[in-house]
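User: Hello! I am new to this structure and would like to know what the terms used for it rest on. Could you walk me through them?

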Amino acid sequence: MDQSLDINTLYGPLPAASVDLSIDDLQALMGKHGIAACCTLSTIGVLLDHNAGNAATMAACREVQRLVPAATVNPIAYFGGEGPAMQFQEDGFKVVRFYPAWQGWPYLFAPFRTLLSTLAARDIPVIVHLDGPGSATQLLDCVGDIPIRLVLADVDDRQVSEAVALMRQHPNLFVETSGLSATGAVKLLVAAVGAERVLFGSGAPARPLGSALASIRHAGLSEHDLARVMGLNARALLGIG
Amino acid sequence: MPVFDCHSWLGGSIVPGMAQSVETLAKNMEAAGVDRALVFSAHARVVDPLAGNRLVQAVVDRSPGLYGCLVGHLNRPESSVGAMRELMSKRRFLALAVMGRTAEEPITKAMADDMLNAYRRYTKPIMLYALNADSVRGALEIAKAYPMLRVVMLGMGGRDWRDAIRAAHAATNILLETSGSLECAKLAAAVETIGPHRVVFGSWSPHTSAPVAIGMVEDSRISDDAKRRIFWDNAVRLFDLDGAPTPEGE
């Protein structure tokens, strides 16, 4: 059975991307490219209101079994307490995603750090979308000694060395591949940190799923490493079969 | 479907060992399914135009699948014009890329006039980076001032691809090259507005690997005929390579 899982997809309105991000389109793309499952969330949760967005995400994922629900929180609108983490666990969200650049908050941000502590206490992994060189370093400064499983998303070729340096210091750190479009970048990362810490992600449908897949399939990985990157690692992280 | 990659760099990769030699270029092209590539010299862009373009000459002389794009630097006019005089009349150099300090820096007509006046007699296309709206405006100004030259916008406007499509609509000697922002929507919009015959495929490798760039074109909602033109036919016509062997003929 195909275990492929795309850990970075979105659906819903996203004017910046100029594409229709409907659930139907996402499913059509999954079918076209043979992706078994996608971890996804509603863009409404990122752009407008995380509570409304999380409700929409959960509704969509209950309807389509191949979709794995990701929650999101805007730390600017978080005023403390364990409520969000408790709610996410109760609702069955598998991961929480953060978008500092889109929402305009810094990586070193006290409410974010508090949130991370509450999520770590429940062993809920998080994905943080980066914004250029230096952002991952600031993020890890914020994380400090919080024992959280953390995925760096949107790492591009300028940030590979930074990711590698941080991953050698932090064993709970993973990288998602949607930004690794440079020739040889995926292979370099796998060689440096091991295939078990690299997760396939596309950014679809805002970004082409075919491009994201090509960067993995042409990376020159062994069958074993390819299977891990394409889904086994993500399934282990999210705790799904 | 054969693929002509109009935008591939020799050198300049952050990942060690990529695109450093004719062997690595050929290996990457074969793995990606690229049949022909137009090669630019990173050495010419950031160090010395004359020496860098000579490196490209050595590479294209050794590989029938590769052609050269001469790289001229606005801050190195003498070396750039020297390279032009030495190499541009050669059959395997197909175009001139006019470069500023960075790929993002807009190039205006005033900045490029000297180099373009020295170049116009070759009647080959020019390549200009257009990775933002300001660069698109500069390229449009140049295209209108030099209507006899075909102007290829490398990166087709980046995230400002709508501006690039509008510019190509305003000046019929502009062609759009597909690298820049990885968004499928831009190709469908370009084909609808200016037609499939004025879009050429380029990967910008090694910055973006050729398979990734090909994946974007393949995922775009355009016809197979449009894809074929973008991947191959338009480049062959642009560079006047009708007599050159095709991948099918080899």
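Analyst: Gladly. Two strands pair if DSSP finds at least two bridges between them. Strand S5 (residues 126–129) and strand S6 (residues 151–154) of chain B have 4 bridges, in the parallel sense, so they count as a pair. Within this pairing, B:Leu128 stands opposite B:Met153 in S6(B). This is a predicted model, where local features need pLDDT of at least 70 and side-chain atom pairs count only at pLDDT 80 or more, while totals for chains, interfaces and linings use all residues. Residues are numbered from 1 along each chain as its sequence is written, and chains are lettered from A and ligands numbered from 1 in the order in which they are written.

User: Why is H6(B) called roughly parallel to H7(B)?

Analyst: Helix H6 (residues 133–145) and helix H7 (residues 161–170) of chain B pack at about 10°, with axes 9 Å apart. Angles under 35 degrees count as roughly parallel, over 145 as roughly antiparallel, 65 to 115 as roughly perpendicular and the rest as oblique. The angle of about 10° therefore makes H6(B) roughly parallel to H7(B). The axes are lines fitted to C-alpha atoms, for helices over the stretch in contact, with angles from 0 to 180 degrees between N-to-C directions.

User: And what makes H7(B) roughly parallel to H8(B)?

Analyst: Those helices pack at about 15°, with their axes 10 Å apart, so H7(B) is roughly parallel to H8(B) too. In their contact, B:Trp161, B:Ile165, B:Ala168 and B:His169 of H7(B) meet B:Lys186, B:Ala189, B:Ala190, B:Thr193 and B:Ile194 of H8(B).

User: Why is B:Ala19 called buried?

Analyst: A residue is buried if 20 or more other C-beta atoms lie within 10 Å of its own, exposed if 12 or fewer, and partly exposed in between, with C-beta atoms placed from the backbone. B:Ala19 has 22 within 10 Å, so it is buried. Its place is in the loop between S1 and H1 of chain B.

User: What does B:Ala19 touch?

Analyst: Leaving out residues up to four places away in sequence, its contacts include A:Thr183, B:Trp9, B:Asn28 and B:Pro206. Two residues are in contact if their C-beta atoms, placed from the backbone, lie within 7 Å.

User: How many residues of chain B are in contact with chain A?

Analyst: There are 24 in chain B, meeting 20 residues of chain A. H9(B) gives the most to this side of chain B, with 7 residues.

How values were computed:
Helices (H or I, at least four residues) and strands (E, at least two) are DSSP runs, numbered from the N terminus.
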